[in-house]
Amino acid sequence: MADVTMNNVEQSYGETNDAQKNVFDLGAFVGDLTIEEDVSSDEISLEGLQQELEECKNDDVVANILSKGAKLREYTKGVENNLRKVELDSIQDYIRESDNLVSLHDQIRECDSILSQMETLLGGFQAEIGSISSDIKTLQEKSMDMGLKLKNRKVAESKLAKFVEDIIVPPRMVDIIVDGEVNDEYMRTLEILSKKLKFVEVDPMVKASKALKDVQPELEKLRQKAVSKVFDFIVQKLYALRKPKTNIQILQQSVLLKYKYVVSFLKEHGNEVYTEVRGAYIDTMNKVLSAHFRAYILALEKLQLDIATSSDLIGVEARSTGLFLRGREPLKNRSAVFALGERIKILKEIDEPALIPHIAEASSSKYPYEVLFRSLHKLLMDTATSEYHFCDDFFVEESMFYEIFAGPFAVIDEHFNSILQNCYDAIGLMLMIRIIHQHQLIMSRRRIPCLDLYLDKVNISLWPRFKMVFDMHLNSLRNANVRTLWEDDVHPHYVMRRYAEFTASLIRLNVEYGDGQLELNLERLRMAVDDLLIKLAKIFPKTKLQIVFLINNYDMTISVLKEASPDVGKIQMHFEELLKSNTALFVEELLLEHFSDLIKFVKTRASEDPSSGSEKAIAVGEVEPLVKDFGSRWKAAIELMHKDVITSFSNLLCGMEILRAALTQLLLYYTRLTDCIKRIVGGSSLNKDLVSISSIMYEIRKYSRTF
């Protein structure tokens, strides 16, 4: 109660002095303090006053008291009186509340007793909880220990179960290996047996186990039995390949490949037996394929159409290659020896199926050797591709292919070498070279390298033979007997036609290849035929006939070469230049034959100046016979020239071009003559006999229209 009263007093002082609180200046107020007169100066000490004032400076109560200017003693007495009053009031309050305080004290004692009991009870609980916590910790440790043991036992169990599974030999597996048939189930059982055999051989821990001593003898017996059984089975299947009319590819794909694990098992667990199986397959396929190719080659040989013999050369006399000298079936069209013709179609049919001999024989068909060559190598490529894939899939050994095909290669080589030695067909040889090139591209697209060496060897064999036959043609031209070859005929010579067709054929076969060596050889051949043609031409008694002979042969050669290639090659350009120069010579010869005096005069006198006063000045009498002679027979002479051209040149187009050139040249000569007459004194008297230029032009156009 005293505290309450004191607070009230302080509150009352605080409320009355709130307004002046902020403006109170303690230093200024202290300066106004008065000390009672009854107090002697000896009893009063001011020491420490300044410090106390500084400490009370921030006290609100002190500040309020001092701000009112009250005296301290009076104020202190007032406070003491208030405290006594509050104390008395507080005592009275305690007296009035004494019963309540006694009751409160009793209640506190009762609560203290209850709390003491609760403390005892909670202490027991705490002790029990501590015991339980210890038990839980013990159980946790035991649980962790049991969990670790369980994990270790599971690991041990899994390893032991795997070990038992891998090493144990089930009775069912024994029954299948010993008594079962070789089928899909047998293949699966073989795989299981293979795993068990690898397991006991590879793992060092297994080798040290006692269980292996019991199981290993049984596994070895099963291995030997399985190896023996699958060996007998696979050898039996291989022998089926030897049966006549067996489709080897179907048997390989549908039967043998199903059991390719047998070979893998033998390779891993019966290497000696695998070697026997491998050798048996190589021997079987070598013999079977060799027999097949030998039979196919014999059948193809019956279909062969011989094209050329050693005497079928460009420069050989036609009469010396009569049919009675040809030991084999003659061709209906002898030009096929030198002309490519329809034979080039074989390059467009390069990937067509191989010929079936009995069907072709039934239709009595015959084929040039390049057709049989393509067919044989098409069969070889398809067979090699199939066998190469099978060896890779079944035996996982690509190298086996070369051992298997040693026999077939030998059979084909024997046949090919015999054919090549007697082959004089240069066009056929070049076709075979192109066929081999196409076959190499096909095998490259298939990504099968097994025939690379063989095809390269064939290609290397073909080129020398082609060069030899080509040189035979070249030498036949160089060493030709001109007298026996010459014929009294200005039309194209058969030797030149042979040359043109032969060259055109090789050019056509070289269009997409650009073989520089072949082009060089063709240039050598061209030089040889040029020399021979000149020699043949010189035998003709007249220059005009010589020129006509050359023009006919050049024109024919150009026509044949144009058909071979759309591009103008060096050889064609050479003959075009020769044709042009000889055409100019023929025009002169033709005009000299009918207008020799006119041409002679124009060339020697027409350019002279009549007014020069020289002793040999051109007189009207000298020119008049020429003018009258021309006017009387120029049309007849042109008609004779026309007939001469028609009969002399095989190619009407070429002949008419030459006639047009001759008439144009004639017009030029006559124009020079008329110009010369105009310059002669008295030459106007000949105007009535001159033929107008327009008349000659009309005649030229008339013959142009007839063509």
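Modeller: Let us begin with L257, which lies in the loop between α11 and α12 (260-269). Helices here are DSSP runs of H or I with at least four residues, strands are runs of E with at least two, and both are numbered from the N terminus. The model is predicted, so local features need pLDDT of at least 70 and side-chain atom pairs pLDDT 80 or more, while totals for chains, interfaces and linings use all residues. Residues are numbered from 1 along each chain as its sequence is written, and side-chain values use heavy atoms, without hydrogens or water.

Colleague: Is L257 buried or exposed?

Modeller: Relative accessible area decides this: under 20% is buried, over 50% exposed, and anything in between partly exposed (1.4 Å probe, protein chains only). L257 is buried because its relative accessible area is 17%.

Colleague: Which residues does L257 touch, apart from those up to four places away in sequence?

Modeller: Contact means heavy atoms within 4.5 Å. On that basis L257 touches Q252, F390, D393 and F394.

Colleague: How are two packed helices to be described?

Modeller: One gives the angle between their axes and the distance between the axes. The axes are lines fitted to C-alpha atoms, for helices over the stretch in contact, and the angle between N-to-C directions runs from 0 to 180 degrees. In this model, helix α13 (residues 271-301) and helix α15 (residues 369-395) have axes that come within 11 Å and cross at roughly 165°. That angle makes α13 roughly antiparallel to α15, a term used for angles over 145 degrees, with under 35 being roughly parallel, 65 to 115 roughly perpendicular and the rest oblique.

Colleague: What is the handedness of the crossing in which α13 passes α15?

Modeller: The crossing is right-handed.

Colleague: Which residues of α13 and α15 meet?

Modeller: From α13 come Y274, V277, R278, Y281, M285, L289, F293, Y296, I297 and L300, and from α15 come L372, S375, L376, L379, L380, T383, E387, F390, C391 and F395. By class, the contact of α13 with α15 holds 16 nonpolar, two polar and two charged residues. Nonpolar covers Ala, Val, Leu, Ile, Met, Phe, Trp, Tyr, Cys and Pro; charged covers Asp, Glu, Lys and Arg; polar covers the others, Gly among them.

Colleague: Where does T383 sit, and what does T383 contact beyond its neighbours within four places in sequence?

Modeller: T383 is in helix α15 and counts as buried because its relative accessibility is 9%. Its contacts beyond those neighbours are Q249, L289, F293 and F405. The C-alpha atom of T383 is also 9.6 Å from that of I248, which is 135 residues away along the chain.

Colleague: At what angle do helix α22 (residues 516-539) and α23 pack?

Modeller: The angle is about 145°, with axes 8 Å apart, and α22 passes α23 in a right-handed crossing. L533, I534, L536, A537 and K538 of α22 make the contact with Q546, F549, L550, N553 and Y554 of α23. These divide into seven nonpolar, two polar and one charged residues. Of these, N553, in helix α23 (residues 543-564), counts as buried because its relative accessibility is 0%. Beyond four places in sequence, N553 touches H491, P492, H493, M496 and L533.

Colleague: How many helices and strands does the protein chain have?

Modeller: The protein chain has 27 helices and zero strands. Of its 707 residues, 41% are buried. Among contacts between residues at least 6 apart in sequence, 80% join residues at least 24 apart.

Conventions
Left-handed = near helix turned anticlockwise from the far one by under 90°.
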